[in-house]
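Please read this briefing beside the sequence and the model.

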Amino acid sequence: HFKPEIPEVLKRISGNSYAFVVFFFHLVGCFLLSTRAANSKRHWLGSDLTVLSHECPKVRMVFPVRVFLLSSSVNACVDVVLSGVKLLEALGLEPGDGKNHAVLNSRQDLKEAFAHFMEKGAAAERFFSNAESFHHIARIASEYPGAQLYVGGNAALIGQKLATNPDLKILLCGPVGPKLHELLDDNVVVPPESMQERDEFHLILEYQAGEEWGQVRAPNANRFIFSHDLSNGALNMLEVFVSSLDEFQPDLVVLSGLHMMEGQSKEMRQRRLMEAVASISDIPTDIPIHLELASMTDQDFMSNIMHQQVFPLVNSIGLNEQELLFLTQSASGPHASLASWSGVPDVGVVSDILFWILKEHGKTTERASDLTRIHFHTLAYHILVTVDGYWGNQVAAVAAGARAAGTQACATETIDTSKVFLKAPLEFVTSQIEAPSKISLNPDEPVVHWHREGISFHFTPVLVCKDPVRTVGLGDAISAEGLLYSEVYPQ
């Protein structure tokens with residue numbers, strides 16, 4: 001059992017909060033205690049089952065043998081990460097009032113959208129329509145002192161995260177240029193057909209908690225993303241994905257990047273989405289499919305994805321608080337009248353929306369849908385929601401995702417207690433619609449479970465990094481870890 005010395009900063013935290021920190025070390029530290037092969041009637045995401053020592057009898061983990069990662073809009077790119085305020089200053093833009101824009105058509109739109117989301121501390125992603133202006137901004141950003149280049153795109157980021165495990169084999173289909181290919185882990189295989197002469201660049205404008213720009217002050221650290229990405233938005237690698245399935249024989253398919261299609265015309269978007277749906281339908285039903293959502297602005301497009309086309313074909317979804325709220329607003333779901341979150345999202349409200357998604361759009365005996373799992377993540381806490389009878393090992397999966405959030409944000413191998421704090425509510429209700437249960441978190445059992453009409457909820461607080469080194473890609477890392485520790489029951 002690992003119990004660190006109490007640093008000075010934690011002596012000022014309540015005893016209850018410190019107990020969460022210590023037990024969280026114990027919980028996630030148990031995952032790697034011992035490894036052996038074992039037979040199981042249940043289908044794991046691979047053939048090797050890791051069973052933990054007697055100290056952690058209820059927590060198991062599994063590694064898939066082969067993972068096939070694709071993006072339905074082939075969301076692979078190079079991220080240029082830098083300070084948003086410094087870039088806007090370098091562009092000669094003065095602080096002003098924030099305003100949301102579905103599409104960025106000018107530098108003025110960029111300035112207003114950045115200020116709008118910085119003031120909320122919310123992540124967002126937008127398409128920049130003017131190619132010439134975007135490439136000029138991208139050149140200034142990439143040459144700015146301190147700007148860093150990373151693997152970008154949800155599919156590539158999830159693949160890069162999983163590739164750190166030597167037991168996994170990753171195939172990434174996407175528009176991979178020379179710089180992205182150089183940045184990818186050696187364990188990520190790129191088909192020759194996916195290689196292209198030019199990289200797609202996404203600009204990641206980060207800001208820190210308390211950072212100010214004019215009258216705007218960020219309540220927490222986050223980022224604003226924008227691009228002029230035509231390859232990903234047009235699903236140019238869709239046919240490469242289809243042709244690769246038979247040869248690679250994946251154990252898991254990960255879809256991402258549907259949000260990139262918003263830069264296309266409505267007709268183009270609908271045509272390519274239908275072609276993607278046809279391709280997804282051809283994936284053997286014994287291969288689990290995970291869909292990673294991202295920031296979107298077109299409610300009709302989101303409604304189509306949910307009601308008619310993509311949701312019924314996937315087994316699992318990953319999303320954050322902004323995407324969850326937009327989803328219920330697009331489909332007139334519970335709490336759709338809520339304009340935005342105020343502070344930490346209310347657990348009861350989040351729980352109601354997650355329950356509605358699986359109850360109304362998930363798998364039942366009467367409904368032809370494969371959706372049985374949702375991994376929700378926000379800064380302060382995560383919730384893993386599953387339809388009973390389809391998934392196992394949820395305690396380990398949701399805790400592993402929370403651990404990934406803390407370590408990646410702080411850029412540490414393990415969670416450093418001097419660099420994290422608790423932001424999650426220590427008491428909450430499980431619903432704001434039905435008769436709720438009131439839950440008080442127990443430091444000895446930080447993963448809380450409750451049940452609602454055949455659907456299980458697993459909640460865990462997150463040890464939030466005080467001064468995050470990097471915010472982009474956290475959601476992808478969380479989803480990757482959650483999938484890695486998940487167990488799928490054969491049907």
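How many salt bridges does the count come to? The count comes to 12 salt bridges, where a salt bridge is a side-chain nitrogen of Lys or Arg within 4 Å of a carboxyl oxygen of Asp or Glu. This is a predicted model, in which local features need pLDDT of at least 70 and side-chain atom pairs count only at pLDDT 80 or more, while totals for chains, interfaces and linings use all residues. Residues are numbered from 1 along each chain as its sequence is written, and side-chain values use heavy atoms, with hydrogens and water left out.

**Salt bridges**

- D352 forms a salt bridge with R452, and the closest N and O atoms of the two are 3.1 Å apart. D352 lies in helix 13 (residues 347-361) and R452 in strand 24 (residues 448-452), so this pair ties together parts that are 100 residues apart in sequence; helices (H or I, at least four residues) and strands (E, at least two) are DSSP runs, numbered from the N terminus.
- D352 counts as buried at 2% relative accessibility, and R452 counts as buried at 10%, given that buried means under 20% relative accessible area, exposed over 50% and partly exposed in between (1.4 Å probe, protein chains only).
- K359 and E453 also meet through their side chains in a salt bridge, at 3.7 Å from N to O. Because K359 lies in helix 13 and E453 in the loop between strand 24 and strand 25 (455-461), the pair ties together parts that are 94 residues apart in sequence.
- K359 counts as partly exposed at 31% relative accessibility, and E453 counts as partly exposed at 48%.
- R452 has a salt bridge with E434 as well, at 3.5 Å from N to O. This pair links distant parts of the chain, 18 residues apart, with R452 in strand 24 and E434 in the loop between strand 22 (427-429) and strand 23 (438-440).
- E434 is partly exposed, with a relative accessible area of 35%.

**Nonpolar cores**

- The largest nonpolar core has 62 residues, and those with the most contacts inside it are F311, I357 and I383; such a core is a set of buried Ala, Val, Leu, Ile, Met, Phe, Trp, Tyr and Cys residues joined through side-chain atoms within 4.5 Å. Helix 13 provides the largest share of this core, 9 residues.
- Leaving aside its neighbours within four places in sequence, I383 is in contact (heavy atoms within 4.5 Å) with residues including V347, L354, F376 and F459.

**Cavities**

- The structure holds 3 cavities of 30 Å³ or more, a cavity being a set of points, on a 1 Å grid over the protein atoms alone, where a 1.4 Å probe fits but cannot get out, with lining residues having an atom within 4 Å of a point.
- The largest cavity has a volume of about 100 Å³, and its lining includes E125, R126, F127, H259 and E262. Strand 7 (residues 124-128) gives the largest share of this lining, 3 residues.
- The second largest cavity has a volume of about 40 Å³, and among the residues that line it are L293, M296, M302, E323 and F326.

Note on methods:
On a 1 Å grid over the protein atoms alone, a cavity is a set of points where a 1.4 Å probe fits but cannot get out, and a pocket is an open set with protein on both sides within 12 Å along at least five of seven lines; lining residues have an atom within 4 Å of a point. Grid points are joined across faces, edges and corners, and a volume is the space filled by probe spheres set on the points.
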